[in-house]
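I set down here what I looked up in this structure, entry by entry.

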Amino acid sequence: MKFLTFIATLALIWLIGLFAFAERVRGYTPADEPARADAIVALTGPSAERVNAAIRLLEQDKGDRVLISGVNREVRRQELRALTPGSTKLFNCCVDLGFEAEDTIGNAQEIAAWAAAKNYDSLIVVTQDYHMPRALTEIRAAAPGVELTPYAVSTPSLDDSRWWRAAVTARRMTLEYMKYLAALGRAAFTRGSGDSAADAPPATTPEKKAA
């Protein structure tokens with residue numbers, strides 16, 4: 001009986017955590033106007049909107065440079081440029097591409113190496129709203145000394161407060177919540193073991209700084 005009570009308590013805590021996580025996700029959008037940071041990072045996803053949002057922030061002088069992390073190796077710079085709005089000159093001078101990351105952990109390592117190489121202390125992080133909690137957790141673990149400002153891209157299907165009533169949105173939110181819990185566990189282990197991403201190799205294409 002005590003065991004069943006224990007399991008029920010854990011399940012209740014997990015469920016409360018899921019709904020708290022969902023409210024946090026929904027609270028990221030619409031994104032507030034961010035204060036200026038040293039640079040901007042965009043984690044690639046299923047659409048170009050994350051990259052577009054990062055380029056718009058660059059045009060607004062919210063940072064000196066942009067890193068697009070997790071770019072497909074088969075995508076050429078010109079092809080990516082064609083999908084984004086704004087100035088070609090600005091894209092050519094101030095956008096770096098990272099090709100090494102294959103998941104969020106890889107994104108975090110790529111971002112940490114890039115920020116360390118350029119001596120950046122503050123970053124605006126651009127990714128999807130549901131992905132933001134996990135992305136921030138992984139980046140903070142990889143680059144603990146860097147100040148992070150979230151700038152989330154909205155996922156319209158998750159804006160509904162009754163996301164849990166549709167199988168697609170319930171599945172997405174639950175899966176991301178589980179991944180987020182795993183990220184929290186890794187971050188706690190990293191802090192406890194004293195590991196650091198300081199020795200992570202750079203994983204971005206070199207770019208000349210703007211004149």
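I took helices (H or I, at least four residues) and strands (E, at least two) as DSSP runs, numbered from the N terminus. The model is predicted: local features need pLDDT of at least 70, side-chain atom pairs count only at pLDDT 80 or more, and totals for chains, interfaces and linings use all residues. Residues are numbered from 1 along each chain as its sequence is written, and side-chain values use heavy atoms, with hydrogens and water left out.

Entry on loops. I found aspartate 61 in the loop between α2 (49–59) and β2 (66–69). Although aspartate 61 is not a glycine, its phi is positive, about 60°. I then turned to the loop between α1 (2–27) and β1 (39–43), which holds proline 30. The peptide bond from threonine 29 to proline 30 is cis, with omega near -5°.

Entry on helix packing. I looked up α6 (residues 132–142) and α7 (residues 167–193), which pack at an angle of about 15° with their axes 9 Å apart. Axes are lines fitted to C-alpha atoms, for helices over the stretch in contact, and angles run from 0 to 180 degrees between N-to-C directions.

Entry on rings. I noted five aromatic pairs in the structure; rings of Phe, Tyr and Trp (its six-membered ring) pair if their centres lie within 6.5 Å, and planes under 30 degrees apart count as stacked, over 60 as edge-to-face and the rest as tilted. Ring pairs link Trp14, Phe21, Tyr177 and Tyr180 into a cluster.
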